[in-house]
Amino acid sequence: MDNIFPSYDDPLFSILIIVILILIVATSSYLLGNIKEERKEKSLKKFLNRFNNEDYNLELEEMPFELKLVKPLKLLALAFKNQGNYQRAINLNIYLIDNITHFQDKKEILAQLGETYLKAGFLKRAEVIFLQILHKYPRDKESLYHLGVVYELLNEYDKALETIIPLKLLGEETKYLEAHLKLNRLLISKKLTPKEKVEELEKLLENNIYNYRVIIKTLFKLDLESAWRNIKNSKLHSILDILWFLPFSNLNFDIISSDKTLSAIFFAKGSLSLNKEKIEKSGIFVIDTIISSKIGGSDNVDITFIYGCRKCKQYFPITFVRCPQCYAIDKIKIKERVAEKESQTGYSLL
Ligand SMILES: [Zn+2]
């Protein structure tokens, strides 16, 4: 054995000790590294699993930040937002923003935070976020559009119209958005008397870029005579629900009787009595179906309405001007269905 190991005073002995020490250090580091990595993975899994528990409060401060977390947490925040779980989406976005150093890397997360605030109804917070993005990136179209929506929901139409100026400069088609904002500014104006408002609305009807449905609905509230005078036969289908739910006292039978489609609609509704031989087809499927069933002796038929968005294809039970899902304007699609009459419908959309 004495011949295998070098003696203490042999230089080879020192080299052997150094090699052994290096091996011990390398092996320990490797093992410790593996354990640390395993702990981190477990910690991440535990952290992410918490999101599956509805009642669990997120303790984001406990989570050590790592760059590899950014992508999965961004997706998780987006999923929370889409599910309507806004508080969790907000917390996650704030956690990421707090931990990311460079503004450029935060921009997308800031935009998502702004959109989540907007959806959740935290309009002033959404405003701050979009202004922050636009301060660094004044040409960011999405932020300009979203900021316009924020101001619209805050009824600050002058500010909303200001967002159109840079959008125009960026080459965006803003004609309909501008008309939408100007019309809504007019509707909430306190400077005009109802009579002046009616006059302004009638002027806007001459221009096709203003939303006909919104104008007619407002006219029915402000001036029945003006509303009926401005009913256009070619646009009846787009206001069928408004007409269908009009209270009996708001009907103008002189105008209804002079138009075959209006006559058909209100005969179907049961507001107008007509000789069955005199009824003409309206060209609106549900109305003609109800008329056929009435002629056949059944009076138990009604219409139900749902409202779709031609842009995002979502359907909603209530009417809208700006889509609640994707914020598109003038994209409403009214879908009517024949339904069994449940009770006397006495409410109006006005
Ligand atoms: Zn939509």
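This is a predicted model: local features need pLDDT of at least 70, side-chain atom pairs count only at pLDDT 80 or more; totals for chains, interfaces and linings use all residues.
Start by selecting the loop between α6 (141-153) and α7 (157-162), where you'll find Asn155. Asn155 isn't a glycine, yet its phi is positive, about 65°. Buried or exposed, by its C-beta neighbours? Exposed: Asn155 has 11 of them inside 10 Å, and the cut-off for that label is 12 or fewer.

Now jump to the loop between β2 (315-316) and β3 (332-340) and pick Tyr327. Here's another residue other than glycine with a positive phi, this one near 70°.

Next, select helix α15, residues 260-269. Seven of its 10 residues are buried, so the rest of the structure largely encloses this helix. To see which ones, colour Thr261, Leu262, Ala264, Ile265, Phe266, Phe267 and Ala268. What covers these buried residues of α15? Bring up α13 (240-244), α14 (253-257) and α16 (285-295), which are among the covering elements. Then step off the end of the helix: Gly270 follows α15, and its phi is positive, near 100°.

Finally, zoom out to the whole chain. If you draw the contacts between residues at least 6 apart in sequence, 47% of them join residues at least 24 apart.

Technical notes. Residues are numbered from 1 along each chain as its sequence is written. Two residues are in contact if their C-beta atoms, placed from the backbone, lie within 7 Å. A residue is buried if 20 or more other C-beta atoms lie within 10 Å of its own, exposed if 12 or fewer, and partly exposed in between; C-beta atoms are placed from the backbone. Helices (H or I, at least four residues) and strands (E, at least two) are DSSP runs, numbered from the N terminus.
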